[in-house]
Amino acid sequence: MQSTTLILLLVFMSVAAFYFGRTRSLATVGGPGHGTALHSLPGYYGYYVAIWCGPPAVLLLFVWLMIEPRLVVALLVDGLPESYRSLSAGELNLLLNNIKNLAAGDVVTVDVDVVLQDAAATYNAYIARSRQLLAVLAIGVAGLGAAGAWRRIQPDLRARNRVENVLRWLLILASSIAIFTTIGIVLSVLFEAIRFFQKVPISEFLFGLSWSPQTAIRADQVGSSGSFGAVPLFTGTLLITGIAMFVAVPVGLMTAIYLAEYSSTRVRGIAKPLLEILAGIPTVVYGFFAALTVAPWIRRAGESVGLEVASESALAAGLVMGIMIIPLVSSLSDDAINAVPTSMRDGALGLGSTRAETMIKVILPAALPGIVGGILLAVSRAIGETMIVVMAAGLSANLTANPFEAVTTVTVQIVTLLVGDQEFDSAKTLAAFALGLMLFVVTLCLNVLGLGVVRKYREQYD
Amino acid sequence: MKEQLTTQEKVEAGMARRRRKEYLFRSVGIIATAVGILFLAVFFASLIVKGSTAFKQTFVQLDIALDPEVIAPGGELDLEYADFDGLVRDGLRAQFPDVNGRSDRRELYRLVSVGAAYQLRALVEKDREVVGTTQTLWVPASSNVDMLIKGNIDANVDEALRTLSDKQIAWVTALQDDGRLRSQFNTALFSNGDSREPELAGIKGAIMGSFYMLLVTISLSFPIGVAAAIYLEEFAPKNRWSDLIEVNINNLAAVPSIVFGLLGLAVFINWMSLPRSAPLVGGLVLSLLTLPVIIIASRAAIKAVPPSIREAALGLGASQMQVVFHHVLPLAMPGMLTGAIIGMSRALGESAPLLMIGMVAFIVDVPGSFTDPATALPVQIYLWADSPERAFAERTSAAIIVLLGFLLLMNLAAVIMRKRMERKW
């Protein structure tokens, strides 16, 4: 039986269980007119039976489908002739893939012999048997659960409390997904990164000055040992982030000041949503703009004053990234400026200072922690930004501080190492996870620091 | 003797300087605000200038003799192997009978897209009666001809530096003088999947891929996000676990999206062995990505429901669950939906994590299910932006216009919903 049909059947059974549970609860007290004799509303008895019917069976279904492939493969390998079982892990995997493809009627990459035919037939038979067993078991579990719950229905069964308890656990589970996600991220990058550091020493990765991650297929190839010194990537990331902040911080801050202190409500009402649009444009679009409009423009401008500008200069990527971050800086600065109590502003103005003096000497110092927190968040955003640099920055790892040259960043290298065909054990792919770990740790620190500062500051004047 | 200045005079002496400073500060503020808005204007203008031409496409009119010998040798229709390309070429040669020599002819054939043969085949498949007749058809011109007509190829530059030869340009001019060239709405852009030929490449595959992905995303992240928000706002005790969840949600909202892609690659593809390039996996990754956004918006919506509602329901004997599900949730729903739409618009524009899980493949077929290989609209933009052909640059801009159109619609929906459902307590 198809698993979708099975799920539909289970859903149907649960609906039926709800109906029967509800009816029985009323029947135990002598009909619909006597519902007040029940502990809970009749519907809760229905839900109670339905919860015992559907969810356990669905759980069984998922666990089964997770285990099934491994079990079937183990059985299949056991049944193969000796000559196949002694193959290396990789070859065996290939063989199993072929058997699976043959069983599904797809294209196979080797000559089909009798053994393979047999294996495919056995595979199909195992799967069919497993699905039959699953269907029987799942329906059995659902039926038994529902029947048991149905029998337990009595007027004084605290059905509502039980249903609500289940619901509460579901809510807790949903809110814990955030934690599981974090754990998942940490574990997935950490494990691969540890495997990488077994191949490449951590000191070379952190302090090495040369980055060329191609590993050779044969040992005797030229340049067979890739070098994994990530310092050029870090400097490249810092350079582009620096350019971005050089644009975003002054512009964002001054925009926030102007809109908060000077502009009329009408100008503010128009300018603010317009700037918000900047935050809503997808990063791939910024990347396109940086690569095809800004980069050639900077190149031409550089040539006209006699400067050598690379076609994938750090400047183009940094400038556009800075524009992207303006709304983030300006809205966080706006929050910080507005959080400064009016009394401070009024005091300064009342003593005769101009608006600019009030701003620079009173409000900005008071709002500084909040602004700095916002800038930290913006830096973290710039470091983690991917599409703009993938499209507009280069691939060559140059150790330079010249914004007109091409540099590469951590995120660009993660993308280039992982896109396309890959062998999952090579140092090359594992390096991407090591870079990912670095990225995660650095942005995490910046975020925790930034969020902490922003929150603490917000409370200061409350 | 030194003259004693009064405070008044001291202040007035500095006034001009201070006013200048004030003026300067204010101007810098105006300039800063203008920079952002100016960029926006330049950006949209260049996008529209570059992209609007892609919605039109050049077509060539050819008289094509549908030779039964070719299409149906021996009386049997042979759609698989019939040489429709040859028929198109015959049609071209009939148009220019005086073109001789192999290389000249080959150049001539390049004026028409390979899509012409597909069009012919579809025509025969639909109506078998046309075999043996001569049809006057509008077939797509090749992308180079299209670029020439749109003025993106300059006929005045040196022949070696452009993709069309002098002869080809002369033929195009001849066709134009004959009235056999016209520009019509580019339906291929919306009805085709990706293609190596710019004139046949469309975004339908990418749009369907994005659609399936968002379907997975919304059906996972909305219920989970709302449930998490309900728990955190209404039930969570003040303990370490709740604090940990809070900190986690806030941090996840700021984790770079590419890290979520690494998570998807390691967990969903390598560990759970789900299919690569599938909208299902993309949807799973994007739902983890949007979850914090939806949780934060939903919590704000729940917070906005006044406590009096809860107290009234509790006072009438409702249980805490009943208060939440019967009263608070319906009232907070508009705010939650607004948050969901904003989360979805973020998911629609996201591309970095999708690169990690293999959704960057060149895929011609329009995906038909959650597990078919697919790309997404932003990834298609990325792929096209990388293509060197001039015609793809135009199409990239067009795809961006479509993407921004979708985002605009979603945000508009969110704004309208917020306005209409807004309630003052």
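## Strand pairing in chain B

Two strands are taken to pair when DSSP finds at least two bridges between them. In this predicted model, strand 1 (residues 56–65) of chain B and strand 3 of chain B pair in the antiparallel sense, with 5 bridges. Within strand 3 of chain B, B:Arg182 is the residue opposite B:Phe59, and B:Phe185 in strand 3 of chain B is the residue opposite B:Lys56.

Strand 1 of chain B also pairs with strand 2 of chain B, again in the antiparallel sense, over 7 bridges. Here B:Val60 stands opposite B:Val139, which belongs to strand 2 of chain B. In general, the strands of a sheet pair through backbone hydrogen bonds, in either a parallel or an antiparallel manner.

## The sheet and its helix

Which order do the 3 strands of the open sheet in chain B take? The order is 2-1-3, with antiparallel pairing. Strand 2 (134–140) and strand 3 (181–185) of chain B stand at the edges; each has a single partner strand, so one side of each is left without a neighbour in the sheet. On average, and with direction ignored, neighbouring strands of this sheet are turned by 40° against each other.

Helix 3 (residues 84–95) of chain B packs on the sheet, where it touches strand 1 and strand 2 of chain B. The direction of this helix makes about 90° with that of strand 1 of chain B.

## Domains of the two chains

In chain B, the assignment gives domain 1 (53–185) and domain 2 (204–421). The C-alpha centres of these two domains of chain B are 45 Å apart. Contact between them involves 7 residues of domain 1 of chain B and 7 residues of domain 2 of chain B. On the side of domain 1 of chain B that touches domain 2 of chain B, 3 residues are nonpolar, 3 are polar and 1 is charged.

Chain A is likewise assigned a domain 1 (3–157) and a domain 2 (227–460). A distance of 50 Å lies between the C-alpha centres of domain 1 of chain A and domain 2 of chain A.

## Contact between the chains

How many residues does each chain bring to the contact? Chain A contributes 68 residues and chain B contributes 64 residues. Helix 6 (residues 159–199) of chain A supplies the largest share of the side of chain A that touches chain B, namely 20 residues. The residues on this side of chain A comprise 46 nonpolar, 17 polar and 5 charged.

## Selected residues

B:Ser277 has a positive phi of about 60°, although it is not a glycine. B:Ser277 is placed in the loop between helix 11 (257–271) and helix 12 (279–303) of chain B. Is B:Ser277 buried or exposed? B:Ser277 counts as buried because 21 C-beta neighbours lie inside 10 Å, and a residue with 20 or more is classed in this way.

B:Arg310 belongs to helix 13 of chain B. B:Arg310 is partly exposed, with 17 other C-beta atoms within 10 Å. Neighbours within four places in sequence left aside, B:Arg310 is in contact with B:Val323 and B:Val328. B:Arg310 and B:Val328 are 18 residues apart along the chain, and their C-alpha atoms are separated by 7.2 Å. In chain A, A:Ile67 is located in helix 2 (residues 42–79). A:Ile67 is exposed, since 11 other C-beta atoms lie within 10 Å. The C-alpha atoms of A:Ile67 and A:Tyr126 are separated by 13 Å, and the two residues are 59 residues apart along the chain.

## Confidence of the prediction

The predictor assigns the complex an ipTM of 0.88 and a pTM of 0.87. Chain A has an average pLDDT of 84, and 93% of its residues score at least 70. For chain B, the mean pLDDT is 86, with 98% of the residues at 70 or more.

Confidence in chain A is lowest in helix 3 (residues 82–85) of chain A, at a mean of 70, and highest in helix 8 (residues 231–262) of chain A, at 92. In chain B, the lowest confidence is found in helix 2 (residues 68–71) of chain B, at a mean of 76, and the highest in helix 13 (residues 307–315) of chain B, at 93. Where pLDDT is low, the predicted coordinates should not be read in detail.

Technical notes: Residues numbered from 1 in each chain as written. Chains lettered and ligands numbered in written order. Predicted model: local features only at pLDDT ≥ 70, side-chain atom pairs only at ≥ 80, totals over all residues. Contact = placed C-beta atoms within 7 Å. Helix = DSSP H or I, 4+ residues; strand = E, 2+ residues; numbered from the N terminus. Nonpolar A, V, L, I, M, F, W, Y, C, P; charged D, E, K, R; others polar. Domains from an automatic or database assignment. pLDDT = per-residue confidence, 0-100. Axes fitted to C-alpha atoms, helices over the stretch in contact; angles between N-to-C directions. Buried ≥ 20, exposed ≤ 12 C-beta atoms within 10 Å, placed from the backbone.
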